[in-house]
Amino acid sequence: MADEKFAAVIVGAGPAGSTAAYLLAKAGLEVLLIERASEPGSKNMFGGRLYSYSLNRIMPNFWEHAPVERRVVRETVGMMAGDKTVFLSCQDENWAKPPYHSFTLMRAEFDAWMAAQAEEAGAMVAPGIRVDGLITENGRVIGVRAGDDELLADVVIAADGANSLLAEQAGLGKKPSPHQVAVGVKQVIELSPEAIDQRFNLSGEQGAACLFVGSCTRGMPGGGFLYTNKSSLSLGLVVKASEFEAGQYRVSELLEDFKEQPPIAPLIDGGRVGEYSAHLVPEAGLSMAPKLFGDGILVVGDAAGLVLNLGYLVRGMDLAIASGEAAALAVEQARNAGDYSRAKLAVYQELLRSTVLRDMEQYRRAPGFLENRRLYQMYPELAAGLASGLFTVDGSPPVSLMKKAMNHLKRYPVGLTQLLKDAWTGGKSL
Ligand SMILES: Cc1cc2nc3c(=O)[nH]c(=O)nc-3n(C[C@H](O)[C@H](O)[C@H](O)COP(=O)(O)OP(=O)(O)OC[C@H]3O[C@@H](n4cnc5c(N)ncnc54)[C@H](O)[C@@H]3O)c2cc1C
């Protein structure tokens with residue numbers, strides 16, 4: 001491979017890299033997609049759900065061929081406070097109709113399928129190769145180095161995920177700090193489809209998505225997730241990495257604790273733990289995004305910090321796919337102009353402005369707001385306690401809803417003004 005030159009070398013066969021490779025190969029460019037894992041996707045993990053709009057734009061009705069698990073029809077957020085949990089749930093039958101709103105899936109199968117689509121379109125897919133660094137000439141990226149191999153290209157697309165080595169080497173971004181990333185852990189728990197249908201009140205291809213906040217992370221910034229697959233559940237936690245610096249907790253212990261919480265234990269009862277995985281989530285939004293382009297290089301997906309965690313939804317896959325699409329369009333334009341300079345590749349950022357960056361910009365205050373510890377320590381207790389009070393009949397004198405709420409609020413060291421302030425800031429940030 002040493003002397004070959006490609007139009008584009010793409011590093012990382014996650015959704016961002018495979019999308020870019022698929023579109024560029026379809027456009028007739030010579031593309032090399034390099035992946036360090038022996039099979040694309042075999043080492044990749046996420047919580048469990050893909051919002052389908054961006055992939056559907058590129059591969060219409062992809063669900064007819066792609067290895068997806070269930071169509072999510074019910075969303076639940078649970079605020080956990082020890083022995084009490086309050087749930088907010090929404091079921092929308094429209095989500096069960098094409099174009100399906102979101103799918104649960106398993107990354108090993110899905111990423112392998114995406115890479116296979118790129119290969120079928122004409123990309124050369126090279127798994128089992130770890131890229132060690134960039135090759136530059138006069139300050140311009142001209143390829144990548146993998147062991148003794150030098151792979152030259154007009155443009156390199158860094159799709160190497162969170163904590164991108166390539167973005168850092170290109171001088172486009174810095175290593176993220178523990179305050180900017182979260183640690184995610186997940187177990188896949190195998191259960192029969194019948195048990196899942198019955199426990200989650202689902203049928204056929206219907207699926208459910210549940211997010212949790214509060215005592216599931218012992219009050220630390222982060223949350224829990226539970227997604228239904230065909231014959232397994234994806235259960236896990238995401239906690240800000242800086243929380244583990246003091247060494248007080250291990251994330252694996254937290255996960256074992258989470259599994260024993262009253263709303264979770266009966267759902268996973270009798271299930272067999274299959275795979276266990278862990279991964280970083282870039283969570284600081286635009287404040288941690290590297291420069292998205294340089295001379296001869298573009299940065300996409302998690303490598304560019306393009307993830308949105310709002311507490312009630314987690315988006316990374318759809319943004320990775322949309323950024324891979326924008327990168328492919330930018331490379332095509334650069335190819336037509338015969339110019340891969342930073343000035344020409346800047347069109348990538350322009351293309352992102354109407355999609356991914358628009359969404360990231362809208363929620364730019366969310367990471368700061370979500371650092372507020374009252375969201376994880378006090379408000380779940382307040383909400384769960386108040387809800388439990390509303391539904392409890394025990395012979396004590398009844399009081400109005402307002403009085404109940406005010407009496408309940410008095411038990412917490414947060415005044416009404418602070419509560420309203422947090423609600424106002426949350427309303428504007430999320
Ligand atoms: C716990 C957790 C839960 C999540 N939940 C969700 C969710 O439910 N929904 C959602 O939309 N998003 C979720 N996300 C985010 C989502 O997983 C990412 O945003 C998405 O995977 C980003 O895709 P990507 O292609 O940019 O990067 P990745 O999927 O990380 O792919 C990067 C690829 O690059 C390869 N690679 C890295 N370095 C090299 C190298 N040097 N040489 C060769 N190959 C290399 C890796 O092996 C990998 O295949 C979650 C993430 C985590 C960690």
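1. Domain bounds, as used throughout this note, come from an automatic or database domain assignment. On that basis the protein is divided into domain 1 (5–67 + 106–176 + 285–353), domain 2 (181–282) and domain 3 (369–429). This is a predicted model, in which local features need pLDDT of at least 70 and side-chain atom pairs count only at pLDDT 80 or more, while totals for chains, interfaces and linings use all residues. Residues are numbered from 1 along each chain as its sequence is written, and side-chain values use heavy atoms, with hydrogens and water left out.

2. The centres of domain 1 and domain 2, taken over C-alpha atoms, are separated by 28 Å. Between these two domains, 16 residues of domain 1 are in contact with 18 residues of domain 2, where contact means heavy atoms within 4.5 Å.

3. The ligand is surrounded by 36 residues, of which Glu-35, Gly-47, Arg-49, Arg-107 and Asp-302 are the closest; a residue is near a molecule or strand if one of its heavy atoms lies within 4 Å of it. Domain 1 and domain 2 each contribute at least three residues to this shell. By residue type, the shell around the ligand divides into 18 nonpolar, ten polar and eight charged residues, with Ala, Val, Leu, Ile, Met, Phe, Trp, Tyr, Cys and Pro counted as nonpolar, Asp, Glu, Lys and Arg as charged, and the others, Gly among them, as polar.

4. At least two residues of the shell around the ligand come from each of helix H1 (15–26), strand E2 (31–35), strand E15 (272–282), strand E19 (314–315) and helix H8 (317–337). Strand E15 gives the most, with three residues. Helices (H or I, at least four residues) and strands (E, at least two) are DSSP runs, numbered from the N terminus.

5. A nitrogen atom of the ligand lies 2.8 Å from a backbone N or O atom of Gly-47, and an oxygen atom of the ligand is 3.0 Å from a side-chain N or O atom of Asn-44. For Gly-316, a backbone N or O atom lies 3.0 Å from an oxygen atom of the ligand. Taken alone the ligand exposes 1,000 Å², and the protein buries 97% of that; accessible areas come from the Shrake-Rupley method with a 1.4 Å probe, and for residues only the protein chains shown count as cover.

6. Ser-234 is placed in strand E14 (residues 232–240) and counts as buried because its relative accessibility is 0%; buried means under 20% relative accessible area, exposed over 50%, and partly exposed in between (1.4 Å probe, protein chains only). Leaving aside neighbours within four places in sequence, Ser-234 is in contact with residues including Gly-47, Met-106 and Lys-186. Ser-234 and Met-106 are 128 residues apart in sequence, yet 8.9 Å apart in space, C-alpha to C-alpha. The side chains of Ser-234 and Asn-229 make a polar contact of 3.0 Å, a polar contact being a pair of N or O atoms within 3.5 Å; within protein, one must be able to donate a hydrogen and the other to accept it, and residues adjacent in sequence count only if both atoms are side-chain atoms.

7. Arg-145 lies in strand E9 (residues 140–146) and counts as partly exposed because its relative accessibility is 32%. The side chain of Arg-145 is joined to that of Glu-150 by a polar contact of 2.6 Å. Arg-145 and Leu-134 are eleven residues apart in sequence and 5.9 Å apart in space, C-alpha to C-alpha.

8. His-408 is found in helix H15 (residues 401–410) and is buried, with a relative accessible area of 5%. A polar atom of the His-408 side chain lies 3.2 Å from the backbone nitrogen of Leu-386. Not counting residues up to four places away in sequence, His-408 touches Glu-381, Leu-382, Gly-385 and Leu-386.

9. Some points of backbone geometry deserve a check. The peptide bond from Pro-98 to Pro-99 is cis, with omega near -5°, and Pro-99 is found in the loop between strand E5 (84–91) and strand E6 (102–105). Asn-138, in the loop between strand E8 (133–137) and E9, has a phi near 50°, a positive value in a residue other than glycine, and counts as exposed because its relative accessibility is 79%.
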